Structure formats: structure tokens, C-alpha cells
Amino acid sequence: MPHLQKICEKYHGDGFVLIAFNMLAQQNEMLPEWKAKGKYTFPIVVTDDKDYFATNPFDVRGTPTSFLLDADGKIIFRHVGYSSGAEKIMEAEIRELLGLDPFEGQEAATESLATNR
Amino acid sequence: MNIRLVYLIATLFSLAVASCARQPAPQAQQDPAALEKEESEKRLADIGKVRDEIKRTELLDKYIRDYPKASNIDRAYSSLLAALYKVDVARAITLADEILARPRDPKSSVWKNAYTYKFLALQKQISELGNKILEADTDPGVLQSAAGFDREHSSNLYEKAIAERKKNSNKGSDPDPYLDELHLAFSRKLSELGRKDEALKEASLGIEMARARLTEIEALPKEDPQRRRLAALKEGLPYSYKDLASLYFESGAPREGLEALVQAEKLAGTSSGALQPSIEEIRAKIQAGMGKTGEALESYTRSFSFRMSPGIGDRIRTLASKTGKPAGDYFSRARELRQARAEPFKAFTLKTADGKPATLESLKGKVTLVNFFFPT
């Protein structure tokens with residue numbers, strides 16, 4: 001999640017938003033602390049339905065799963081699970097949908113991520 | 001000047017001896033430091049000639065005790081580590097730790113050697129444990145887990161794990177021995193070890209077994225507990241075919257590779273979002289290897305339409321420059337493919353953790369990343 005927060009801040013002014021769905025209602029009460037600890041500013045969607053993960057309408061079967069939607073609300077890219085290098089790819093895809101050069105400035109971006117750590 | 005020279009060839013005893021031999025004979029008025037150096041070199045060189053490692057260890061121990069301030073003491077320690085790791089792994093580790101705990105002399109390489117011999121000694125211990133399990137144990141799970149740790153015995157451990165599971169299955173004590181998975185895991189290990197031909201055989205066998213198992217389980221009555229494996233089997237098969245395709249490609253069988261990819265695609269069905277970019281990437285590699293640049297470009301473009309990997313973008317640029325078509329044409333094509341299959345995100349009316357309304361409509365007009373997660 002920290003890298004998503006960074007991406008969120010970086011592209012906020014370009015017309016990009018991040019929204020996160022908590023798929024486990026049982027853990028809703030953990031959210032305030034979790035959010036404060038990570039200094040997360042994006043909205044978190046919750047439900048009271050304890051079976052939401054099993055019955056969700058988005059066909060999400062595991063976490064982390066991410067969908068990248070264009071401005072028309074259509075799903076253009078999907079990321080299921082985690083793999084190395086996925087952050088770079090996701091950023092390129094966000095840039096593509098924002099009409100920016102997808103791979104421009106990626107080296108600089110990774111460098112600043114490394115020094116912030 | 002001589003000190004420099006000796007340092008340069010520090011770890012090579014024979015060379016060190018040779019360089020000393022070429023020096024002029026010592027004279028009575030030579031300074032004490034040079035004299036000490038010469039004597040120390042000779043003592044250590046003599047110990048280096050002893051072939052028996054246990055004896056050499058004893059002599060090096062004694063040398064370190066008798067001449068703790070010798071100019072070549074660090075080399076004596078390095079030699080001791082080298083001998084110890086062969087005869088007494090545990091002591092080699094202890095000694096390496098002692099050396100690593102000391103303040104570092106930047107001119108000496110003894111601490112670097114301490115790291116190297118500690119790694120070698122630890123690896124030797126892992127290998128010894130693997131060997132012990134291989135000889136004494138019959139539990140397939142233990143054997144398989146040991147194969148993951150001990151590289152040296154991994155293929156023997158896998159072979160034994162397979163044999164033991166087969167035995168259990170024949171005896172009836174394990175009706176579902178997951179043999180397919182074991183062959184596939186063995187195949188991945190062989191591939192990692194660079195033994196591609198054997199990996200290919202294991203992968204083919206594993207897939208054949210998994211398919212047979214799938215048919216068997218599908219025929220079972222609805223309430224049979226063995227049916228629980230059905231979903232995992234179905235989900236795993238396309239991945240196994242994808243790995244098989246890579247192995248065919250690496251073994252110089254491109255046609256079989258392409259066929260395996262067709263199988264992977266067929267079994268993955270429409271829910272293959274995660275698999276499709278790699279299927280297309282492998283297909284592109286195979287096609288490029290066959291000299292079919294145009295088809296390879298098409299496959300890379302499809303892969304890029306699913307996942308914008310920088311590496312795939314580079315491949316498209318490189319191949320496009322060969323055909324004379326601008327790379328931008330392929331990137332536009334990828335965009336079209338994405339738009340053509342894009343489906344609208346399902347409408348929802350929920351609330352955020354702060355109690356604000358959250359709907360699909362509120363996201364319209366913005367590029368949105370929707371992330372599904374559990375807080376941990």
C-alpha cells in the first residue's frame with residue numbers, strides 16, 4: 001500500500017484517484033489505526049456484509065487485486081496478486097490512461113522511491 | 001615494494017614462495033622486519049605443503065599460537081578456515097564468526113575470506129542434513145521440503161519423494177498422493193538447475209497425471225471430499241502448460257511450445273487475465289526465434305495490451321525497427337485491443353470508512369485505480 005499512496009500523491013493533479021475496497025468486514029475496526037499508521041489519504045470502501053469477499057460482484061477472488069479504470073469507468077488493466085516489478089508496470093499504465101508518456105521519468109521515480117526508504 | 005608484491009599475491013602460497021626465492025640472499029645486516037617476514041613466509045609455506053587437512057589444521061593452530069604477531073597472521077587464519085571447513089564445519093563457522101567480530105583491517109582480506117568460508121560451511125551443513133534425510137527418511141513431505149533447501153541432493157530427494165508417494169498410493173494409505181504436483185515441482189527445480197531436458201520430461205508427466213486426475217475427480221459424486229481439489233487442479237493446469245511451452249522453447253522445440261500455449265489458453269478460458277500477458281510473451285519469443293518477426297510483433301502487442309511491461313515495450317521497438325514500421329503503430333494497436341475488450345466496472349453503492357457515500361458515478365471522469373485488499 002505505501003507505493004499506492006505515493007502514486008496517488010504523484011498523479012493526483014493529473015486527474016487520477018485511488019479507491020480501496022476492504023474485502024473483510026470482520027476487519028473494519030482495524031481500519032482507522034491502519035490508515036493512520038500508513039498515513040493513507042485515499043478513501044476506503046467498506047461493507048457490513050461478512051460474506052462480501054465470497055459474493056462480491058467484481059469477480060475478485062484474491063487480494064491484492066487491482067483494476068485500473070479509464071475516465072469512462074471501463075476496466076482497462078487488471079493486476080491479480082503481486083509480482084516483482086508490478087509497481088513500475090502499474091505506473092506506466094496509469095500514465096498511459098492519463099495521456100502521459102508511459103515510460104518517461106520512470107528511472108527518476110524509482111530513484112526517489114529508493115532514497116525515501 | 002616487496003611488501004606490496006607479497007600482498008598482491010597474498011593467497012597464493014606457491015607464487016609467494018616463488019617470489020621469495022627470487023629475492024637476493026639475506027644479508028647479516030638486513031632489517032629485522034624483513035627478516036621476520038621471510039621467516040614467517042617460509043613457516044607458512046612449509047605448513048602449506050602438508051597434504052593431510054587434519055594435520056595442517058593442527059600446524060596452523062600451533063603457528064597462530066606461537067606467532068600471534070607474525071606479519072602473515074591473517075593469511076594463516078585464511079588457510080586455517082580453508083582447511084577447517086573440510087574437516088570440522090562447526091569450528092570453521094565459529095572461527096569465521098570470531099574473525100568477523102574483530103575490528104577490520106582494510107588492508108587485509110581475512111574478513112572477506114571469513115564470509116566466504118562461513119557460507120561454504122553453512123552450505124555444507126545443509127547438504128549434510130539433506131543427505132541424512134535422503135538416506136534415513138521416507139516421509140514424502142519431508143523429502144520434498146529438504147529438496148527445496150539442499151540444492152546438491154535436490155533431484156535425488158525429489159526422486160525419493162515421488163517413489164515414496166507412489167508406494168503409499170499403492171498400499172492405499174494415501175488415496176490422493178498429489179503425484180502430479182510433485183512431478184511439476186520437480187520439473188521446476190530441474191529447470192532452475194539448468195537441466196532442461198529432464199525438466200521437460202517431468203513437466204509432461206506431471207501434466208498428463210494432472211489431466212487424468214481431473215477426469216477422475218470430475219466423475220466422483222458431488223459430495224465426495226476429493227472434489228475439493230477440482231478448482232486448484234483446473235487453475236493450475238494452464239500455468240503448467242505455459243511452463244511446458246517455455247521448456248519446449250528452451251529445448252529447441254518451438255512447434256511443441258506453440259501447441260502447449262494453445263492448450264494453456266484453452267484451459268485458462270476467459271478468466272486468464274493474469275496468464276495472458278505471459279502466454280503472449282512466450283509465444284512472441286518462440287515466433288521471433290523462428291524468424292517470424294511479423295507474428296512475434298503481433299504477439300508482443302497483445303501481451304502489451306494486457307500488461308505494459310517496459311521490457312515488452314522495448315522488444316516491440318526493437319522488432320519494429322527491423323520491419324520499418326513505426327513502433328507507435330503497435331502501441332496504438334495495443335490501445336485498440338484494450339478498448340475492444342474493456343468492460344464497465346460494476347455499479348456499486350457503498351460507504352467509505354468515514355461514512356461518506358461511495359458510488360461508481362463519483363469516479364466518472366477520473367482515471368481510477370480500484371484496489372481490493374485486507375488490512376494487515
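Biologist: Which residues of helix α7(B) are buried?

Modeller: A residue counts as buried if 20 or more other C-beta atoms lie within 10 Å of its own, exposed if 12 or fewer, and partly exposed in between, with C-beta atoms placed from the backbone. Helices (H or I, at least four residues) and strands (E, at least two) are DSSP runs, numbered from the N terminus. In α7(B), the buried residues are Val110(B), Trp111(B), Asn113(B), Ala114(B), Tyr117(B), Lys118(B), Ala121(B), Gly130(B) and Ile133(B).

Biologist: Before we go on, what kind of model is this?

Modeller: Residues are numbered from 1 along each chain as its sequence is written, while chains are lettered from A and ligands numbered from 1 in the order in which they are written. Local features need pLDDT of at least 70, side-chain atom pairs count only at pLDDT 80 or more, and totals for chains, interfaces and linings use all residues, since this is a predicted model.

Biologist: Back to our helix: which helices do the buried residues of α7(B) pack against?

Modeller: Here, two residues are in contact if their C-beta atoms, placed from the backbone, lie within 7 Å. The partners of the buried residues of α7(B) belong to chain B, and they are α5 (73-87), α6 (89-101), α8 (140-149) and α9 (154-171).

Biologist: How far does α7(B) reach from its first C-alpha to its last?

Modeller: Helix α7(B) covers residues 110-136, which is 27 residues.

Biologist: Which residue of β4(B) stands opposite Ala20(A)?

Modeller: β1(A) and β4(B) run parallel and are joined by 7 bridges. On the side of β2(A), Ala20(A) stands opposite Ile44(A), where 2 bridges join the parallel strands β1(A) (residues 16-22) and β2(A) (residues 44-46). In β4(B), the residue opposite Ala20(A) is Asn371(B).

Biologist: And which residue of β4(B) is the bridge partner of Ser66(A)?

Modeller: Strand β3(A), residues 65-69, pairs with β4(B) over 5 bridges in the antiparallel sense. For Ser66(A), the bridge partner in β4(B) is Asn371(B).

Biologist: How many residues of β4(B) are buried?

Modeller: The strand β4(B) is largely enclosed by the rest of the structure. That is because, of its 7 residues, the number buried is 6.

Biologist: Which element gives the most to the side of chain B that touches chain A?

Modeller: The contact takes 32 residues from chain B and 49 residues from chain A. On the chain B side, α16 (310-323), β1, β2 (349-352) and β4 (367-373) each supply at least two residues. The one that gives the most, with 7 residues, is β4(B).

Biologist: Is Asp59(A) buried or exposed?

Modeller: Asp59(A) sits in the loop between α3 and β3 of chain A. Its phi is near 60°, a positive value in a residue other than glycine. With 10 C-beta neighbours inside 10 Å, Asp59(A) counts as exposed.

Biologist: Last one: which residues does Gly289(B) touch, not counting residues up to four places away in sequence?

Modeller: Gly289(B) lies in helix α14 (residues 276-289) of chain B and is partly exposed, with 13 other C-beta atoms within 10 Å. Gly289(B) and Pro254(B) are 35 residues apart in sequence and 8.1 Å apart in space, C-alpha to C-alpha. The residues touched by Gly289(B) are Phe249(B) and Pro254(B).

Terms used:
Expected span 1.5 Å × (residues − 1). Pairing = 2+ DSSP bridges.
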